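Here is a short briefing to read alongside the model. Take a look at the fold, then work through the points below.

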Amino acid sequence: MPTIPFVCPKGGVGKSTSCLTIGLQLATKGANVTIIDADPNNPMEKWASAGGCPANLRIVSGVTENNIASKIRDASKIDPFVLVDLEGTAAKIVVHALQEADYVIIPMRGSYLDADEAAKAIALIHDQELSVQRHAPNYRLPFSVLFTGTPAAYTTRTTSSLKNGLKEQGISVFSTEMCERDAFRAMFSFKLPLEQLDPALVPGLAKAIVNAEAVTAEMITKLSEVTTQ
């Protein structure tokens, strides 16, 4: 029953988009999912306000650094998947979320500036590991980097270089990238899941759905690898 925060100190890297996309895909496949909306802008609460949220996807808002741990624990007693959308800072609320995490996704765009910010997220994860290892020496908090906003038709040299560099450091990286597509933005504009958007109004919708399914399937694979280690 994994709790999965989406963590990166930098804003604008696709945390909310990837969190909602994966949450919706899990719900579409029949899983019960909670998304903890811990971003001060409350993008998930605003998205759900229009009434397009599936019945098996719950949005929990009103989250602060003082109550996020209890909200995550309460959600994990109800739903098998708990996703946490966090603000783009290294604030204390992020640390509290990491303390409850089973697996972490670090969204980043294909730039060296974003790589520096992703490195800060990885450092936070390692700090959490060291804190727990005082009592449980073998504790590891698994995580993977997810590249977002990449061109749909090709992979840039910078992205390839960054991916290879991360892998050489032994860092888990999603093979699937979340491409730059209008459909992912349209989810928030129309406040609907991808599958309910109008293809006449949203170009490339079918390809976005395939992309979302592939990212989610790879996440499930990575989770299964983690739980069998």
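For the charge count, Lys and Arg are taken as positive and Asp and Glu as negative, while His and the chain ends are left out. On that basis the protein chain carries 21 positive and 24 negative side chains, with 1 Å between the centres of the two sets; each charge is placed at NZ of Lys, CZ of Arg, CG of Asp or CD of Glu. Please keep in mind that this is a predicted model, in which local features need pLDDT of at least 70, side-chain atom pairs count only at pLDDT 80 or more, and totals for chains, interfaces and linings use all residues. Residues are numbered from 1 along each chain as its sequence is written, and side-chain values use heavy atoms, without hydrogens or water.

**Overall fold**

- The protein chain has 8 helices and 7 strands, which are DSSP runs (helices H or I, at least four residues; strands E, at least two) numbered from the N terminus.
- For 229 residues, a compact globule would have a radius of gyration near 17 Å, and the chain agrees at 17 Å; the radius is taken over C-alpha atoms, and the globule rule is 2.2 Å times the number of residues to the power 0.38.
- Of the 229 residues, 49% count as buried, that is, under 20% relative accessible area, with exposed meaning over 50% and partly exposed in between (1.4 Å probe, protein chains only).
- Among contacts (heavy atoms within 4.5 Å) between residues at least 6 apart in sequence, 73% join residues at least 24 apart.

- Helix 7 spans residues 182-190, and A183, F184, A186 and M187 are buried in it.
- These buried residues line one face of the helix, because they fall within an arc of 155° seen down its axis; the arc is that of the directions from the helix axis to the C-beta atoms.
- In general, an α-helix has 3.6 residues a turn, so residues three or four places apart point the same way.
- The partners of the buried residues of helix 7 are helix 1 (15-28), helix 2 (43-48), strand 7 (178-179) and helix 8 (205-227).
- K191 is partly exposed, at a relative accessible area of 26%, and sits in the loop between helix 7 and helix 8.

**Two further residues**

- N42 is not a glycine, yet has a positive phi of about 50°; N42 lies in the loop between strand 2 (33-38) and helix 2.
- V226 belongs to helix 8 and counts as partly exposed at 25% relative accessibility.
- Leaving aside neighbours within four places in sequence, V226 is in contact with Y103 and P142.
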